[in-house]
Structures are given as C-alpha cells and as structure tokens.
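Have the sequence and the 3D view open as you read.

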Amino acid sequence: MIDVYIGLGSNLTLPEKQIQAAYASLARLPDTVLIKCSSLYKSQPMGPQDQPDYVNAVALIETALSPESLLQHTQLIENQQGRIRKASRWGPRTLDLDMLLFGLQRIDNEHLTVPHSGMKQREFVLYPLFEIAPDLILPCGEKLANLVMTCPINGLQKMTNSVLI
Ligand code: ROI
C-alpha cells in the first residue's frame, strides 16, 4: 500500500457538499483506505478572478491501485459529480481531484504529473496538507513545514468560523 495525497477543490454547486461527497467516494475506492481528511478551507480563486471562491481540502489515502488506475477512478468521481471539462483550463468547477503525491514516486506522462507541478506555490494545497501531514518531506527533499512557512496565506480560511493562524 502506498500513501497518496489528493487535493480537492470546488467552487460550484454547494462546494462544501461536493468536497464531503468526494471524501465519501474516496472512502469507497477499491483496494484503498481513506486515512485522513483535512478541514475544509475557503480560498480565493487562483487564475481568473471572475469566478466564486473555492473550497479546498486534502485527503490521505493508502492504496494498492496503480497511479493510472487511481487517476481513472478519480476522474470518474469528478464526472459523477457533474464536472464539465471546458476549453478554458482555469475556469470554475464542481470538483477537481488532483493527485499531489504518490508515495515518493515521480510520474511524468501525458496524463499525469506527480508531484503535482503547482503544489509548492499553492496555499490552498500546502496548508491543508500540513494540517494532516506536518512532518511530510517531499520527494525533492524539501520539508513541507518550510514550504508552508514561506507561502503567503492569501486570504485562506479554515471553515470553522475561526481565522487561519
Ligand atoms: N483556485 C483555488 N483557490 N482553488 C482551486 O482548487 C483552484 N483550482 C484551479 C484553479 C482554476 C487554478 N484555481 C483554483 O484549477
């Protein structure tokens, strides 16, 4: 079994419910155990600003699936939750499931880039990831804690009414 971190994001059609439903779907994947779920975080859209705020979260699963098989499953979950792939890459979406880390593996093919190429700069990935894996070291050898320390919060808020500190 390999530890896999998945980033979740939604900014359409009751985003909090989309994330909760996706957590439930991840828990039902074959040959997979859902180990940890971060809190939900409200984040400002990265990219085009004329779209609603996002809700983001990160899950840790343990899986015996291959990266390709897991990708097929996560795309099916996205599609089942009404994801419509549009020409504009950075538009709003009901659900985005990003494979952030697949153990310490590096994967680079036409379907999949792991570690996720943008994760080190994205507060809405790093902070929820840090919540569930504070001691994590990335495949490049960098400590997650150091990345979090230097990543601006950019208005990110834990959705418990309390401000993220
Ligand atoms: N912005 C935020 N805040 N959260 C996301 O999950 C997210 N996902 C995206 C783009 C459009 C890049 N912006 C985002 O795909």
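Leu14 is exposed, at 57% relative accessible area (exposed means over 50%, buried under 20%, partly exposed in between, with a 1.4 Å probe and protein chains only). You'll find Leu14 in the loop between S1 and H1, and its phi is near 55 degrees, a positive value in a residue that isn't glycine. Helices here are DSSP runs of H or I with at least four residues, strands are runs of E with at least two, and both are numbered from the N terminus.

Asp31 sits in the loop between H1 and S2. Asp31 also isn't a glycine, yet has a positive phi of about 55 degrees, and at 54% relative accessibility Asp31 counts as exposed.

## About the model

This is a predicted model, where local features need pLDDT of at least 70 and side-chain atom pairs count only at pLDDT 80 or more, while totals for chains, interfaces and linings use all residues. Residues are numbered from 1 along each chain as its sequence is written, and side-chain values use heavy atoms, with hydrogens and water left out.

## The overall fold

The protein has four helices and eight strands, running β-α-β-β-β-α-β-β-β-α-α-β along the sequence. The C-alpha trace spans about 35 × 35 × 30 Å along its principal axes, and 45% of the 165 residues are buried.

The largest nonpolar core holds 24 residues, and Leu8, Ile19, Leu70 and Met99 have the most contacts inside it. A core here is a set of buried Ala, Val, Leu, Ile, Met, Phe, Trp, Tyr and Cys residues joined through side-chain atoms within 4.5 Å. Strands S1 (2-10), S4 (54-63) and S5 (96-102) and helices H1 (15-27) and H2 (67-80) each give two or more residues to this core.

Neighbours within four places in sequence aside, Leu70 is in contact (heavy atoms within 4.5 Å) with residues including Val4, Ile6, Ile61 and Met99. A second, separate core of 21 residues includes Tyr41, Leu100, Leu129 and Leu144.

## An enclosed helix and a cis proline

Why is helix H3 (residues 123-132) largely enclosed by the rest of the structure? Eight of its ten residues are buried, among them Phe124, Tyr127 and Leu129. The cover over the buried residues of H3 includes S1, S2 (32-37), S3 (41-43), S4, S5 and helix H4 (144-149).

Pro115 lies in the loop between strand S7 (113-114) and H3. The peptide bond from Val114 to Pro115 is cis, with omega near -5 degrees.
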